[in-house]
Amino acid sequence: MNGNECAIKFENITKDFVGQRALDDVSFEIKKGEIHAIMGENGAGKSTLLNVLHGVLQPTKGQVYINNKEVNFNNIYDGIEAGICKVHQEINVVPGLTVMQNLMLGSETNHLGFVNKKAMNKETNNLLKRLGCKLLATDKISELSTGHKQMIQIAKALRANATIISFDEPTASLSNNEVDILFKIMRELNEQGITILYISHKIDEVFKICDSVTILRDGRYIKTYDIKEIQKETLIKSMVGRDVSMFAKRTRPSSVVEDEIVLEVNNLSSKTFKNMNFKLKKSEILGFFGLIGAQRTEVMRTIFGADREVEGTITHKGVILNNRSPYEAIDDGIALVSENRKEEGFINEFSNSNNIALASLSKYMKKGFVSQKLKNENAVKQGSYVGLNPNKPDFKTKDLSGGNAQKVILAKWLSTDADILILDEPTKGIDVGAKTEIYKLMEDIVAAGKSIILVSSELTEIMGMSDRIIIMKEGQIVTEMKKEAFSENEILSYAIGGH
């Protein structure tokens, strides 16, 4: 860090949307050359503040200062010209193009009116070399991992001569090895004098990579801490305004009905997984754990009828299913909360009531027409049950925080009256407060006699919430564990080595 020089200063930043205040008089400073985390529950205002910084949004009132000079960005391009760039959580690339074509898209180098491909390839390779990246300008984007695609975003920032780079949940889709590489690059950028803003729900990451952390809560500034002088428990309490366990924890006794099987999978196989055999009991939370490539999601999509061309049988309450489509699965009482909630969970331009009604439209028919009144009534009822905030039927789901958007999706599937809910990474990218609410909701669901299959990559979550755990590796089940036998070391040993 460069002493106490100020890189960014937010002064009385307030941002109002229709019917909601997202930021309320936020003021704090970020020092030059530091890695500064911004943390808070979903809906705390983190992403809104970043959007104000980058010029995506203009504040209702307040000022932003860069290097002690007031700035007024009208759009994101104004921010980029001022050396402020963002590495997005959702990586937008054009799959059919090369690394160079994606990196240079919209700002191609030209000579005498013609695109200078040779010069752009050379510049791209130099930028990738600076990042210590083994990619080449001519590599196809479609063949790259998520981590490599992220490197291209960082290279874009370097090309823009960025002095400030923000990272919004950058590790959400990365493997552990890719996270290590990203952190190494962040430290190197930091050593070059680049100021980094880091938004993450992963507390361990913040303690590992950041110098300081600012807490937002309900759109308000709470406090800025030196990372060396703050304990994790204190940080969490600052975020949520109350004591919250860092780990998933059941708060009531298990209600599993041991002798009642609601779902039985026999010899289920496809191109990506083999010989899946397991049973789900009434009122049980059955966990599925595995590392990247374990094919857990593919198994769940097959049970839900989204993927076909499989062998084997799926039996629901004694009846063999022929789930050739999600519609049939829904009719059979099976619901899937997809890992990819933004693309598969809800429709962007729909309101909460319309998204919640998507999977159960026949319930809202009146005289041959869909009744908006009935949809609104259902949305309020289900929204209240899942703790949706704001619980407004006409509020657009896309404008909700990640945790509340996930509650809309849960409300959608609960509206179908499904007795089996498959939850695929239900708390991915969600803060600790919202996680606790979803864990409580899971307990409410099984207490009501329904059953849950929980797919999670978080060991604390899978161990804390599951009655049993099935561990997968490379498309196969390697073992099954009962709760009394749960062991972090053993679970990881099976997931990594298969024994």
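This is a predicted model: local features need pLDDT of at least 70, side-chain atom pairs count only at pLDDT 80 or more; totals for chains, interfaces and linings use all residues.
Local features rest on pLDDT of at least 70 and side-chain atom pairs on pLDDT 80 or more, while totals for chains, interfaces and linings use all residues. Residues are numbered from 1 along each chain as its sequence is written, and side-chain values use heavy atoms, without hydrogens or water.

An open sheet of 6 strands runs in the order β6-β9-β10-β3-β11-β12, with mixed pairing; strands are DSSP runs (E, at least two residues) numbered from the N terminus, as are helices (H or I, at least four), and two strands pair if DSSP finds at least two bridges between them. β6 (84-87) and β12 (220-226) each have a single partner strand, so one side of each lacks a neighbour in the sheet. Inside the sheet, β3 (residues 35-39) and β11 (residues 212-217) run parallel and are joined by 4 bridges; histidine 36 has serine 212 of β11 as its bridge partner.

Turning to the helices, α4 (residues 117-130) packs on α5 (residues 146-159) at about 110°, with the axes 10 Å apart; axes are lines fitted to C-alpha atoms, for helices over the stretch in contact, and angles run from 0 to 180 degrees between N-to-C directions. The pair is therefore roughly perpendicular (65 to 115 degrees). Glu123, Leu127 and Arg130 of α4 meet Ala155, Leu158 and Arg159 of α5 (contact: heavy atoms within 4.5 Å).

The largest nonpolar core has 69 residues, such a core being a set of buried Ala, Val, Leu, Ile, Met, Phe, Trp, Tyr and Cys residues joined through side-chain atoms within 4.5 Å (buried: under 20% relative accessible area, 1.4 Å probe, protein chains only). A second, separate core of 51 residues includes Met120 and Tyr198.

Terms used. Buried means under 20% relative accessible area, exposed over 50%, partly exposed in between (1.4 Å probe, protein chains only). Angles under 35 degrees count as roughly parallel, over 145 as roughly antiparallel, 65 to 115 as roughly perpendicular and the rest as oblique.
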